[in-house]
Amino acid sequence: MVRDTKFVTNGKGQVSQMLFAKRLEFLQTNVFADMDKAKAKALAAGRQLIDLSLGSSDLPAETHVVEAIVRSLQDRSTHGYLLFHGTEAFRLAAARWYEQKFAISVDPETEVLPLIGSQEGTAHLPLAIIDPGDFALLLDPGYPSHAGGVYLASGQIYPMPLRAENNFLPVFADIPGPVLAQARMMVLNYPHNPTSAIAPLSFFQEAVAFCQQHNLVLVHDFPYVDLVFEEAKSKEETQTGLAPSVLQADPDKTVSIEFFTLSKSYNMGGFRIGFAIGNAKLIRALRQVKAVVDFNQYRGILNGAIAALTGPQDAVKATVATFRHRRDVFIDALARIGWQVPTPKATMYVWAQLPPPWQQNSVEFCTRLVETTGVAASPGAGFGKFGEGYVRFALVHEPAVLKIAVQKIAEFL
Ligand SMILES: Cc1ncc(COP(=O)(O)O)c(C=O)c1O
């Protein structure tokens, strides 16, 4: 237990201490809290904020999706608690959506679980897998909530370094034996936030074999399944697409579970809806944990998600085209000011190596940048030790605004 330094006085003048769990210490994401303060400072100084720090799409959800939710809201039968059997239509829609994309059959009854956003699922899963002290193997840099979920389960993190020279893929052979002996799960995420790296099917095959050999659960967080910009070039890419599913490497679902969201492909981040597909035992275990916590997402939101997954998919293509265009504009504008950054093949992010004198100080770069120019970006260090030296820009504004942001960055540099 951590003793809070402040004393609390009750009505009778008695003094007591408030005690908090030690795990709370691990959940303090100081880097992003610092950025929040710097953004507030910039606003207070009258700067116009161009916020490229959050991966929250500025594009709206489709009209037919919103209409399905509106219809549900007006239907009073949707207003009560929703138990598992009530989510059947959604599970079926998710299973069919997956099957059409990846040609692997999915049992909607046992292999699909609706989630209140995919982050909810990846954060709860460690509670079903990790005992106190067990290791989870995570990507570093990586999505902060992956580590947060492990800390909630009182687990330990082994960060697998992602280096540019390895195409931001982890090297499994580098994981120390004693860590492996106590490891229970590995979390992957390609296309990757924050580096934008993609992984070929052969990498997932290697990961599946490794996890089978070491009795690890293989978790794949797959929010950017659709946000892929390039055409397939090699024979392998043509067969699997540029962003393969982990289940293509583990079609019998022996060790794997994959997490999807409607936040990115369907611009539904605020609606909080996602789902998991994978090994039936893992799905059941996660369902058990969730049963303690929630009664599923609101049925109206599930109906909106069904409309998104089963309706016309042209809007997904339009979203991809929008982010591709923004990527090109931003990368080109950076190149014009002398900042050469590799063109990302996927996601809504640009992962840029910091120029001198900022190479080892991404937090200071980002706080100073936002305070002096109003342009907010995410410091690489916020995604883990191996993210230091980089900055992540989220392309969540129109091209004209992105160009202004780059001008301001140029003045700052
Ligand atoms: C890797 C990763 N996982 C999960 C999420 C959150 O997804 P959701 O909105 O479904 O919780 C994000 C959002 O940026 C992400 O980048």
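**Exercise 1.** At what angle do helix α5 and helix α11 pack, and how far apart are their axes?

*Solution.* The model is predicted, and local features need pLDDT of at least 70, while side-chain atom pairs count only at pLDDT 80 or more. Residues are numbered from 1 along each chain, and side-chain values use heavy atoms.

Step 1. Helices are DSSP runs (H or I, at least four residues), numbered from the N terminus. Here α5 covers residues 118-129 and α11 residues 280-293.

Step 2. The angle is about 105° and the axes are 9 Å apart. Axes are lines fitted to C-alpha atoms over the stretch in contact, and angles run from 0 to 180 degrees between N-to-C directions.

Step 3. Angles of 65 to 115 degrees count as roughly perpendicular, so α5 and α11 are roughly perpendicular to each other.

Step 4. The contact (heavy atoms within 4.5 Å) includes His 124 and Leu 125 of α5 and Leu 286 and Val 289 of α11.

**Exercise 2.** Describe the packing of α14 with α15.

*Solution.* Step 1. Helix α14 (residues 362-373) meets helix α15 (residues 399-412) at about 110°, with axes 10 Å apart. That makes α14 roughly perpendicular to α15.

Step 2. Among the residues in contact are Phe 365 and Leu 369 of α14, and Ile 409 and Phe 412 of α15.

**Exercise 3.** Which residues are closest to the ligand?

*Solution.* Step 1. Of 14 surrounding residues (a heavy atom within 4 Å), the closest are Asp 221, Tyr 224, Thr 261, Ser 263 and Arg 272.

Step 2. A polar side-chain atom of Asp 221 lies 2.6 Å from a ligand nitrogen atom.

Definitions and conventions:
Helices (H or I, at least four residues) and strands (E, at least two) are DSSP runs, numbered from the N terminus. Angles under 35 degrees count as roughly parallel, over 145 as roughly antiparallel, 65 to 115 as roughly perpendicular and the rest as oblique. A polar contact is a pair of N or O atoms within 3.5 Å; within protein, one must be able to donate a hydrogen and the other to accept it, and residues adjacent in sequence count only if both atoms are side-chain atoms.
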